[in-house]
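Hello,

Here is the structure I promised to pass on. Have a look first, and my notes follow below.

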Amino acid sequence: MEQIKTCLLKYIDEPNNPKYNFDLAYSYEEEQQYSAAYSFYLRCAEFTNNNILACESLIRASLCLNKQTGRDSKELYLIKQALCASPNSPEPYYIASLYFSYRSTNEVERRWWLDSYMYASLGINILETTEVSNFIHSVGYSKVNLYYQKALSAIKIGKLSEAFEIFDNLLLLTNDINLINLFISNIYQLIEPLNNIVNSISYKKYNDYNRFIASQTSNEKNIQDTNII
Amino acid sequence: MYDNLVKTILEDTESLIQPIYIKSDATNMGGLCNASLCYHNDILHVIIRSVEYTIHCCEGEEKYQSNYEGPLAYYHKDSDLTLKTVNYYGILNPDTLILESYNKIDTTKCDTHPLWCFIGLEDVRLVNWNNIFYAIGVRRDTTTNGQGRMEFSELELGKNKVNEVNRIRIESPNIHSYCEKNWMPIKNKPFHFVRWTNPVEIVEVNLNTANAKVIYSNTIKFYIMPYELRGGSQLVEWDTSSYLSIIHECDFVPKNFNGNKNASYYHRFVIWNNDFSVKYISSSFNFMSTKIEFCIGLEVIEDYAIILFGYQDNSCYALKLKKNTLNNIIWNKLKPVS
């Protein structure tokens with residue numbers, strides 16, 4: 001309550017100050033007053049010229065709706081608004097990926113794993129190609145979490161070897177023993193299905209073809225090298 | 001329009017503002033707003049409206065509009081298009097304005113199956129007349145077309161529970177009226193309400209017949225106002241010869257550029273003579289610089305005025321200031337431009 005009051009007085013002093021709106025919203029969110037928080041997050045987004053702050057406000061507003069449950073379409077709309085506000089921030093991609101993976105099941109009409117994979121991939125692309133400042137308050141995003149999100153959704157859409165590779169690489173990104181155990185456990189789960197694929201006729205044909213192409217390329221290279229000599 | 005009146009009020013160091021809220025597990029995480037007050041037997045009673053929706057209210061450039069409704073939208077559940085209201089009764093500390101206790105009003109005895117999408121008793125004014133507490137608001141869920149009528153909800157206050165024990169729907173003096181709402185109770189005149197402000201119409205309710213009779217009306221408008229003056233707080237005695245109330249007005253845009261609705265709400269102080277003629281209407285103001293605010297809570301306790309208002313239907317605030325300070329604001333800061 002005291003934090004809300006402190007932030008409220010600052011807001012009253014400068015109601016159009018985006019940071020004061022954001023701080024007041026966050027203090028309400030901390031007290032689980034999600035509707036009140038929503039008002040001030042949206043005001044912050046409207047009044048700020050800082051795209052990353054607007055993006056963070058809209059993402060936090062979406063999280064407030066999430067807590068209220070049953071407002072999925074509005075939640076997603078805000079996440080998309082946040083993506084538009086700061087397309088170079090990885091956080092909204094992570095949240096978008098989570099949005100779809102949380103809601104996905106094996107039922108035909110709820111298989112949104114590709115959406116989850118897509119947003120994780122887009123976020124990783126941002127992560128690997130641009131550098132922007134992070135959000136003020138954590139939304140659970142981290143490099144490891146974003147890659148993990150991609151790996152999980154990759155499994156669900158059948159990209160098992162890619163998932164295997166991501167988990168393998170994730171082992172190099174953390175010293176956290178719990179995370180390492182989690183990644184190893186995922187890798188173990190993947191080994192058997194991967195073996196199944198490796199033993200399948202289709203995979204053998206694919207492998208033979210690739211070996212053939214590789215040998216052709218190698219022969220051509222040898223011929224070129226000979227000509228040079 | 002005077003922007004951010006609360007900032008001016010707080011320039012007096014004796015003034016106070018307090019956010020009013022209830023633990024979220026009790027309110028289903030929806031918004032709290034539009035609270036009303038009744039000071040009775042040295043206790044400051046309060047009714048707080050809790051709504052199941054969250055209002056999406058764009059401001060400034062209105063860049064982040066909702067998907068289907070534009071800049072102003074009710075964010076209810078995707079699978080439930082109804083707009084539900086429940087009410088909490090509580091006790092406010094008159095010194096600190098801290099909510100000391102609260103209970104959800106149990107309406108199960110009087111509830112019937114709702115027939116329209118606005119469900120529950122909305123924007124309740126709390127009064128104590130003839131030693132009975134009545135929560136008086138508009139209900140629009142009893143017909144399939146959303147007809148609104150003022151309803152008296154008789155409350156029984158227990159130690160840890162508050163029950164609605166009787167409900168009376170009041171017919172309008174104009175039976176063809178679609179929606180009657182925001183009637184302003186006159187605190188020291190039991191069953192009397194201001195139905196219209198400009199020009200004035202006062203009605204008296206008879207609970208036995210469930211009717212309201214016009215007992216005073218004036219055909220002359222006090223001022224030509226840019227928007228219709230709508231009801232707000234109860235009328236409380238301001239000095240020996242006048243009453244004070246707060247009313248609201250709405251700049252409603254039915255269709256903006258993209259065909260969506262939009263609105264801005266403003267408030268005014270109204271001082272009434274003892275005969276219910278209007279003595280003074282202040283210039284318009286907003287409380288905390290936002291588009292959607294609503295005030296139905298006003299009480300005077302000794303030398304102080306206490307005002308409660310809702311912010312975008314998403315939060316609620318209590319203000320306390322000295323009567324002298326308020327008088328100065330009403331007559332000077334909010335003096336209408338002639």
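Which residue takes a positive phi just after helix 8 of chain A? That residue is A:Gly158, with a phi of about 90 degrees.

Before the rest, a word on the source. This is a predicted model, in which local features need pLDDT of at least 70, side-chain atom pairs count only at pLDDT 80 or more, and totals for chains, interfaces and linings use all residues. Residues are numbered from 1 along each chain as its sequence is written, chains are lettered from A and ligands numbered from 1 in the order in which they are written, and side-chain values use heavy atoms, with hydrogens and water left out.

Chain A has 11 helices and zero strands (DSSP runs, numbered from the N terminus: H or I of at least four residues for helices, E of at least two for strands). Its radius of gyration is 23 Å, well over the 17 Å that the globule rule gives for 229 residues, so chain A is more spread out than a compact globule (taken over C-alpha atoms; the rule is 2.2 Å times the number of residues to the power 0.38). The C-alpha trace spans about 80 × 45 × 35 Å along its principal axes.

Of the 229 residues in chain A, 45% are buried (under 20% relative accessible area, with a 1.4 Å probe and protein chains only). Helix 8 covers residues 143-156, and its buried residues include A:Val144, A:Leu146, A:Tyr147 and A:Tyr148. A:Lys150 is also among the buried residues of helix 8.

Best wishes

Key:
Buried means under 20% relative accessible area, exposed over 50%, partly exposed in between (1.4 Å probe, protein chains only). The expected span of a helix is 1.5 Å times one less than its number of residues.
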